[in-house]
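The following paragraphs go through a ligand site and then a chain interface. Please keep the structure in view while reading.

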Amino acid sequence: MEQVKKIFARFDLQQYVVYVGFLLIFLYFAVTLHDDGFLTQRNLTNIVLQTAPATIMAIGLVFVLSAREIDLSFGSIVAVAALSAAVVMQEYNMFLGIAAGLGVGLAIGLFNGVLVAYLRLPSFLVTLATMGLFAGVARTLTNLRSIPVIDSGFTGFFGAGSFLGVPSLVWWSFGAVIVGHYIYRETRFGAHVLATGDNARAAQVSGIKVPRIRVAVLALSGVCAGLAGLLYAGRLQAAKYTLGETDLMTVIAAVIVGGTLLSGGKGTVIGALVGSLLMGMLNNGLILQGLSVSDQMIVRGIIILVAVAVSLRDTNH
Amino acid sequence: METQPLLELSHIRKQFGGVVAVEDFSLDLHPGEIVALVGDNGAGKSTLIKMISGVYQPTDGAIRLSGETVSFTDASEARARGIEVVYQDLALADQQPVYMNLFLGREKLMKGLPLLDRRSMVKEAQQLVEDLDVRIPSAKATIRDLSGGQRQGIAIARATHWAKQLILLDEPTAALGVAETAKVEKQIAALKERNVAILIISHSLDQVFRLSDRICVLRRGQQIGIRETAKTDKNEIVAMITGVN
Ligand SMILES: Nc1ncnc2c1ncn2[C@@H]1O[C@H](COP(=O)(O)OP(=O)(O)OP(=O)(O)O)[C@@H](O)[C@H]1O
Ligand SMILES: [Mg+2]
């Protein structure tokens with residue numbers, strides 16, 4: 001028994017749980033949903049396409065959590081960014097539309113970050129407030145109407161198009177993960193984010209500009225949400241205030257299941273990708289299995305609970 | 001003294017709200033000199049060190065470094081001037097590996113690229129802990145998995161490695177065994193050889209007498225006096241610390 005315990009203590013469960021979970025759930029669906037077409041290339045590709053926006057938000061959130069902050073507002077940013085892009089595109093052109101979408105994400109993220117870093121307000125409260133605030137803005141911005149996005153250049157680039165035979169959403173998803181992973185693991189900025197989340201005082205006395213790091217991670221999360229908004233608008237060929245509304249739980253779950261600690265100082269972008277694919281696969285499989293939307297929410301809620309339990313077990317050891 | 005003092009503190013005072021932590025404190029510290037700061041718990045020793053390193057700003061008084069008045073607004077400014085600190089409460093990032101802690105805020109990058117040069121940091125860190133005889137499994141070990149003494153060893157290794165002018169040590173051997181303490185004391189002597197000025201806080205009078213050139217006594221924020229170590233004894237110092245004679 002002692003031996004077994006020792007082996008388990010050594011084995012960093014948190015680090016691998018997402019891969020094991022992914023495989024198990026994949027196998028489960030592959031067997032039980034074989035006749036429902038789960039394993040078809042079309043369905044599997046669909047999972048990747050559908051999770052692209054969530055994956056990109058998840059990357060931003062990995063940085064935020066690693067710095068021991070939280071962002072609850074990214075779902076609302078998605079809607080405001082997509083709507084801004086759509087409106088600007090109607091009036092002007094695709095490039096200004098893209099700039100508007102990303103710019104809005106950056107601006108809201110910076111706003112969050114400045115309040116957190118320089119006014120010392122807890123990010124939980126700040127982003128809870130901006131979540132509500134910008135959900136409201138998204139509603140009033142267009143009077144609850146949806147704005148069509150007809151620019152075929154835009155919808156190809158962010159939505160249905162493909163490049164070298166690979167769908168553009170797959171490019172966005174994996175491209176963002178690779179860039180995010182490198183920034184997180186291999187740059188000074190990534191190291192400073194981790195140090196800030198691990199021990200902000202130690203980071204500070206080591207010459208790391210902790211407030212700037214806090215602003216940066218929240219701004220980055222805003223930009224990621226802005227990009228996610230563009231992807232939604234491109235894929236759905238329209239922007240509406242409901243975009244991103246249900247992503248909060250999915251993305252947080254993806255990141256935590258992926259192996260990023262809520263308590264800061266440790267995380268992984270690749271894990272977040274796998275977590276996001278896992279969430280997408282669950283969604284897909286549960287739909288194929290005929291579960292209602294509410295049942296899906298329950299199952300996802302349970303998954304988050306299990307993930308959090310595992311993550312706490314790890315920090316207490 | 002003919003040489004210019006490296007560090008001059010004149011009439012430093014620090015107040016936290018209504019609490020006066022340090023009152024009218026003055027001290028000159030010369031290159032290659034070791035001054036020990038002693039006093040009971042809460043005497044104001046750590047506060048004094050934090051004022052020198054820029055964590056706190058003095059309420060009153062002046063700090064001069066090589067004759068130039070400085071007022072650091074945070075610790076990184078002091079660090080840029082060659083001042084290193086081992087804090088009593090350590091200041092390590094627990095979930096990061098040893099080598100990242102040794103290079104915290106000074107990470108090495110690959111030539112011409114904005115990417116971390118982990119390999120060279122690991123190599124240098126490994127060399128450093130071996131030179132200082134800090135016994136850890138590997139430079140890649142996570143701080144959280146080390147013992148208290150090993151952590152202290154890392155904090156000291158980091159400070160001694162980077163100290164160019166002045167090192168401030170807040171009870172550096174408090175968590176260490178006899179052998180480890182001896183190693184750290186050797187390390188401090190080597191810093192003195194390198195002409196680094198050293199201010200050390202210690203509750204061990206034996207250690208203070210082994211290491212220091214001068215001893216400075218604090219009691220409840222008051223500077224009681226400074227003695228040359230060679231010209232005093234433990235009885236006098238104890239009397240100064242406790243205020244009983
Ligand atoms: N940040 C702070 N805010 C308020 N009071 C403080 C603060 N830091 C220190 N003090 C007070 O200043 C006094 C001196 O504290 P300090 O930590 O300098 O003592 P010390 O001599 O280092 O003691 P020890 O030997 O226990 O480490 C204490 O009364 C302490 O309560
Ligand atoms: Mg102290």
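**The ligand site and the interface**

By class, the shell around ligand 1 consists of 7 polar, 4 nonpolar and 3 charged residues; Ala, Val, Leu, Ile, Met, Phe, Trp, Tyr, Cys and Pro count as nonpolar, Asp, Glu, Lys and Arg as charged, and the others, Gly among them, as polar. This is a predicted model, in which local features need pLDDT of at least 70 and side-chain atom pairs count only at pLDDT 80 or more, while totals for chains, interfaces and linings use all residues. Residues are numbered from 1 along each chain as its sequence is written, chains are lettered from A and ligands numbered from 1 in the order in which they are written, and side-chain values use heavy atoms, with hydrogens and water left out.

Of the 14 residues around ligand 1 (a heavy atom within 4 Å of it), those that come nearest are Asn41(B), Gly42(B), Lys45(B), Ser46(B) and Thr47(B). Helix α1 of chain B, residues 45–52, gives the most to this shell, with 3 residues; helices are DSSP runs of H or I with at least four residues, numbered from the N terminus.

Oxygen atoms of ligand 1 lie 2.7 Å from a side-chain N or O atom of Ser46(B) and 3.1 Å from a backbone N or O atom of Ala43(B). In the side chain of Tyr56(B), an N or O atom is 3.1 Å from a nitrogen atom of ligand 1.

Turning to the interface, 25 residues from chain B and 26 residues from chain A take part in the contact, meaning heavy atoms within 4.5 Å. The rule finds 2 salt bridges across the interface of chain B and chain A (a side-chain nitrogen of Lys or Arg within 4 Å of a carboxyl oxygen of Asp or Glu). Glu107(B) pairs with Arg188(A) in a salt bridge, with the closest N and O atoms 3.7 Å apart. On the side of chain B that touches chain A, helix α2 (residues 75–80) gives the most, with 3 residues.

Terms used:
A polar contact is a pair of N or O atoms within 3.5 Å; within protein, one must be able to donate a hydrogen and the other to accept it, and residues adjacent in sequence count only if both atoms are side-chain atoms. Helices (H or I, at least four residues) and strands (E, at least two) are DSSP runs, numbered from the N terminus.
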